[in-house]
Amino acid sequence: MAISADLREVLAELVGAENVLTGPETLLYAVDGIAPKAVVFPETREQVRQLVRFARSRRLGVVPLGGGTKAGFGNPPIAYDLALVTRRLNRVVDYSPADLTVIVEAGLTFGRLADLLRREGQFLPFDPIAPDRATTGGIVAAGLGGLRRAFYGPPRDWVLGVRAVTGDGELIKGGGRTVKNVSGYDLCRLFAGSWGSLGIIVELCFKVIPVPPETALGLLGLAPSADLCGLGLEVWREVPYPAAIVGLDPDSARDLLGAEVGPGGALLVLFSGVAADIDFQLGRTRAVAGDRAARFRAVRGPELDSLWAWLCDHPESVGRDLPVWARISVPPAGLRAFGPDLVRGRFLVDIPGGIINLYLDSADRAFLDGLRERARAAGGSLALGRAPANLKGQVPAWDPLPAPELMARVKRALDPDGILSPGRLSAG
């Protein structure tokens with residue numbers, strides 16, 4: 001898309017000509033097939049402020065991006081003039097292992113943060129897609145923590161403080177670096193899951209925790225007649241403190257685990273703690289499964305690390321060639337209602353979280369509307385994590401927002417002219 005010479009000149013003055021992309025390169029940052037007029041890479045939060053103020057003066061639509069691992073989520077942007085990529089905002093501002101806190105800029109990749117924490121025997125319990133590309137700000141803005149969410153909680157539970165640039169170019173701060181900081185509005189929770197529609201996160205303070213002494217994965221290859229979700233719910237009920245329970249379709253399970261997988265798919269149960277407790281938990285899992293598990297073994301060490309990384313990357317590694325990714329969220333007991341539909345495609349189920357990641361080679365509006373209605377009937381929702389543009393034109397990417405009038409007031413307060421991620425969270 002053509003860009004005016006004066007617009008290019010102003011952007012170059014703000015961030016440097018080498019940090020502005022125009023022309024064919026912008027296609028790499030397309031969202032739902034829509035490319036921005038320009039891509040900018042600010043290095044400081046002051047540059048972010050100036051860019052947003054300039055965009056507001058020109059009424060330019062701004063879509064913030066981190067590593068782009070979740071760019072397919074949401075409705076197509078109504079206006080996409082600038083892609084504001086945060087990856088140069090990648091500094092560790094402060095790390096205090098004794099206080100279990102770390103402050104980082106929003107463009108720092110999760111992989112780099114995890115390496116830093118690991119050297120001190122600490123970790124942040126997120127399981128993002130492509131951790132070497134996913135940024136801390138993107139993880140929080142999306143609110144998607146990964147497969148251990150039911151055990152450790154969503155990303156917002158780990159954010160102590162946030163700095164963000166609002167749609168009027170103001171830098172605001174919420175929270176602090178102590179767990180007991182409760183003064184003012186809870187901006188940390190407000191920005192978590194806002195998908196860049198309320199402000200551009202530029203800095204985050206996280207609380208962190210020690211790495212567990214040991215971790216093991218119970219791998220169950222299921223018999224053809226086994227009810228995968230039903231067995232997963234039973235394990236969750238009968239076995240103490242699993243950190244995650246993941247169900248895989250047979251094809252995905254064979255890709256990951258080879259011939260040892262049963263024809264009913266696979267159930268993977270993660271435990272963390274001391275060795276004696278984990279041995280008991282694994283034994284209890286095997287007993288609960290009984291003859292519904294055609295195969296069972298425990299996985300530890302480097303093999304576990306490799307398997308877990310593959311599971312976290314499932315939306316890309318398995319779903320890459322399948323154009324539709326539907327993410328169904330329901331109370332865990334509601335998972336049973338979706339059994340017949342899972343046969344149509346590949347899937348990964350976070351059983352304690354009540355989340356089904358369903359990948360399809362094709363889908364139409366009637367099918368997705370039917371899934372959405374069943375999710376609503378179970379007290380849940382459906383989101384499109386990836387879909388062809390023509391399908392997104394027929395099916396909203398999200399269910400209607402709760403309390404839309406209140407949400408609209410919050411949006412107007414923080415983004416008066418609606419320039420941040422316009423239409424991505426709510427098509428209206």
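Arg292 is partly exposed at 25% relative accessibility; here buried means under 20% relative accessible area, exposed over 50%, and partly exposed in between, with a 1.4 Å probe and protein chains only. This is a predicted model, so local features need pLDDT of at least 70 and side-chain atom pairs count only at pLDDT 80 or more, while totals for chains, interfaces and linings use all residues. Residues are numbered from 1 along each chain as its sequence is written, and side-chain values use heavy atoms, with hydrogens and water left out.

Arg292 forms a salt bridge with Glu234, the closest N and O atoms being 2.9 Å apart. A salt bridge is a side-chain nitrogen of Lys or Arg within 4 Å of a carboxyl oxygen of Asp or Glu. Arg292 sits in the loop between helix 9 (275–289) and strand 15 (293–299) and Glu234 in helix 7, so the pair ties together parts 58 residues apart in sequence. Helices (H or I, at least four residues) and strands (E, at least two) are DSSP runs, numbered from the N terminus.

Glu238 forms a salt bridge with Arg284, at 3.4 Å between the closest N and O atoms. Glu238 is in helix 7 and Arg284 in helix 9, so this pair joins parts 46 residues apart in sequence.

Next, the core. The largest nonpolar core has 53 residues; such a core is a set of buried Ala, Val, Leu, Ile, Met, Phe, Trp, Tyr and Cys residues joined through side-chain atoms within 4.5 Å. Its largest share, five residues, comes from helix 7 (residues 228–238). Val235 and Leu384 are among the residues with the most contacts inside this core.
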